[in-house]
Amino acid sequence: MDNMQLDQITGMFEQAPDRISEFKKESYAASFERHLEEYTSVWCALTAAWSEDTPDRGQQRMQAAECAAATAQSMLEAAGGRTKRQQLQYNLNLYMVSYFLPALIAYQRRRGVPEGETHEMTEAICGSWNTRFDQHIQAADYESIQAGFKQKLCFVTTAVCCGLHKPQDCREIALMKRYRDEYLFGQDDGQAMIQEYYDIAPTIVKRIAREAVPEEKYLYLWEHYISKCVTYVEQQENERCRQLYEMMMSELKQEYMVTDRHKQEGVLHRDE
């Protein structure tokens, strides 16, 4: 990659906060397409550096894998103060998983690059990033992210609020969805945590609904967990919200999912 292309990568990272502000259901599609087209030359150069069979192929691949992390590190070193660096790191993580990596994947698919080669490259880029910053970002494609916007998310929070006769567009549900999209999605293992939640939450909600008095469970979850999580989000204590929500989900998994304890006791839950 030449200096002009590296300068373009620096430019795109400097625009990361503007891109993140457009990472919303109603604006992401258009924003992503602009980003993909605007930096076509970067995706082309990265693809060429990774795939061309030349005598210095190993060095080219290393440069391609490390260019994003090196650019981000320069920006973080120039940021003043721990709080500013932490906020910038968060923005850069979210930019990587919502724009940079999905755009690279989209470009390579349009060019007919084999999926295995694309996966190898994005894994190398994530590996360089995670090693340099002690993070744990993972690559996702545009289609997966868009699907996340379209799914019925926040199952447990929505079930509890509706069970307590709150409207589906209530402030609490809106806050928790915003917390998921703007904070949790960009954390080290945020995507994995969200995916696990999607896998088990619908089943838990169904099983609570079949209890004799589900309102009692809704009230318990509201008082012990969800109302407190909402307060933490309002106070921008995002990590405390995450810890408490994880405690709630762990408790619900133990109670409503088939675990080793249930098998030993001969208790099986069915969804029929």
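At 10% relative accessibility, Glu-172 counts as buried (buried is under 20% relative accessible area, exposed over 50%, and partly exposed in between, with a 1.4 Å probe and protein chains only). Its salt-bridge partner is Arg-171, with the closest N and O atoms 3.7 Å apart; a salt bridge here is a side-chain nitrogen of Lys or Arg within 4 Å of a carboxyl oxygen of Asp or Glu. Arg-171 is partly exposed, at 46%.

This is a predicted model, where local features need pLDDT of at least 70 and side-chain atom pairs pLDDT 80 or more, while totals for chains, interfaces and linings use all residues. Residues are numbered from 1 along each chain, and side-chain values use heavy atoms, without hydrogens and water.

## Linking two helices

Arg-171 also forms a salt bridge with Glu-234, at 2.2 Å between the closest N and O atoms. Arg-171 lies in helix H10 and Glu-234 in helix H12, so this pair ties together parts 63 residues apart in sequence (helices are DSSP runs of H or I, at least four residues, numbered from the N terminus).

## The nonpolar core

Now for the largest nonpolar core: how many residues does it have? It has 83, where a nonpolar core is a set of buried Ala, Val, Leu, Ile, Met, Phe, Trp, Tyr and Cys residues joined through side-chain atoms within 4.5 Å. Helix H6 (residues 82–110) gives the most to this core, with 14 residues.

Among the residues with the most contacts inside the core are Trp-43 and Val-156. Leaving aside neighbours within four places in sequence, Val-156 is in contact (heavy atoms within 4.5 Å) with residues including Tyr-197, Ile-226 and Leu-252.
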